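This briefing goes through one protein model by topic. Look at the chain as a whole before turning to single residues.

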Amino acid sequence: MARFVILTSRKRAIIALVHTVFFLLLAVLTGLAVVRPLHRGAPPSAWIIATIYVIVSGVLLVLTVLSGRGSERFYFGLCTGAAVFGLLRQLLGDEQMHVAVYIRVLMLACAVLIGFMILNRHSRPMAASAEAGQEQ
């Protein structure tokens with residue numbers, strides 16, 4: 001079985017997957033909104049969103065660095081990339097970074113698929129031990 005450093009249990013994998021699905025839905029919904037470039041006179045809400053993107057991108061980058069090799073690192077890398085593209089879109093606006101919407105959705109959709117694969121890996125030993133227990 002692959003060595004997981006962060007997603008070490010089924011519960012952690014489920015929590016990560018729920019967050020990723022939520023952010024995928026959020027990326028789809030916010031992709032419909034028009035984003036103007038961030039500038040000195042931008043509304044405070046735009047600055048708050050940019051700050052949130054910076055924090056989330058930083059945390060996800062740390063998780064990517066700390067994660068185990070393989071699917072776990074790929075999962076966190078996709079989530080980090082999606083957050084960075086969201087930040088770039090917030091900073092540069094839709095005119096320069098409209099493609100970021102599609103890249104974010106694609107990266108998060110791939111992360112959801114990998115999250116299900118990780119969750120499946122956590123389910124396999126439990127299913128095998130349950131079958132062995134029923135046979136006895």
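This is a predicted model: local features need pLDDT of at least 70, side-chain atom pairs count only at pLDDT 80 or more; totals for chains, interfaces and linings use all residues.

The protein has five helices and zero strands, and its elements run α-α-α-α-α from the N terminus on.

**The chain as a whole**

- The protein has 136 residues, and buried residues make up 37% of them.
- Among contacts with a separation of 6 or more, 76% are between residues 24 or more positions apart.

- Helix H2 covers residues 44-66, which is 23 residues.
- From the first C-alpha of H2 to the last, the helix reaches 33 Å, close to the 33 Å expected at 1.5 Å a residue.
- The buried residues in H2 include Ala46, Ala50 and Tyr53, and Ser57, Leu60 and Thr64 are also buried there.
- After H3 comes Gly93, which has a positive phi, near 85°.

**Tyr53 in H2**

- Tyr53 belongs to helix H2.
- Is Tyr53 buried or exposed? Its relative accessibility is 17%, and buried means under 20%, so Tyr53 counts as buried.
- Tyr53 and Ala83 are 30 residues apart along the chain, while their C-alpha atoms are separated by 6.3 Å.
- Not counting residues up to four places away in sequence, Tyr53 touches Ala83, Gly86, Leu87, Gln90 and Arg104.

**Thr20 in H1**

- Thr20 is part of helix H1, which runs over residues 10-30.
- With a relative accessible area of 4%, Thr20 is buried.
- The side chain of Thr20 reaches back to the backbone oxygen of Ala16, at 2.8 Å.
- Which residues does Thr20 contact, leaving aside its neighbours within four places in sequence? They are Tyr75, Cys79, Leu108, Ala111 and Val112.

**Ser71 in H3**

- Ser71 lies in helix H3 and is buried, at a relative accessible area of 13%.
- The side chains of Ser71 and Arg121 are joined by a polar contact of 2.8 Å.
- Leaving aside neighbours within four places in sequence, Ser71 is in contact with Phe4, Ile114, Ile118 and Arg121.

**Ser123 in H5**

- Ser123 is found in helix H5.
- The relative accessible area of Ser123 is 23%.
- A polar atom of the Ser123 side chain lies 3.0 Å from the backbone oxygen of Leu119.
- How many residues apart in sequence are Ser123 and Arg10? They are 113 residues apart in sequence, and 7.2 Å apart in space, C-alpha to C-alpha.

**The salt bridge**

- The count of salt bridges comes to one.
- The side chains of Asp94 and Arg89 form a salt bridge, with 2.6 Å from N to O.
- Both side chains belong to buried residues: the relative accessible area is 12% for Asp94 and 4% for Arg89.

**The largest pocket**

- Rolling a probe the size of a water molecule over the atoms shows where empty space is left.
- The largest pocket has a volume of about 810 Å³.
- Its lining is made by 37 residues. Phe23, Leu26, Tyr53, Val56 and Arg104 lie nearest the centre of the pocket.
- Tyr53 and Arg104, named here as nearest the centre, also touch each other.
- H1, H2, H3 and helix H5 (99-135) each supply at least two residues of the lining.
- Which helix gives the most to the lining of the largest pocket? H2 does, with nine residues.

Conventions: Residues are numbered from 1 along each chain as its sequence is written. Side-chain values use heavy atoms; hydrogens and water are left out. A salt bridge is a side-chain nitrogen of Lys or Arg within 4 Å of a carboxyl oxygen of Asp or Glu. Buried means under 20% relative accessible area, exposed over 50%, partly exposed in between (1.4 Å probe, protein chains only). Helices (H or I, at least four residues) and strands (E, at least two) are DSSP runs, numbered from the N terminus. The expected span of a helix is 1.5 Å times one less than its number of residues. Contact means heavy atoms within 4.5 Å. A polar contact is a pair of N or O atoms within 3.5 Å; within protein, one must be able to donate a hydrogen and the other to accept it, and residues adjacent in sequence count only if both atoms are side-chain atoms. On a 1 Å grid over the protein atoms alone, a cavity is a set of points where a 1.4 Å probe fits but cannot get out, and a pocket is an open set with protein on both sides within 12 Å along at least five of seven lines; lining residues have an atom within 4 Å of a point. Grid points are joined across faces, edges and corners, and a volume is the space filled by probe spheres set on the points.
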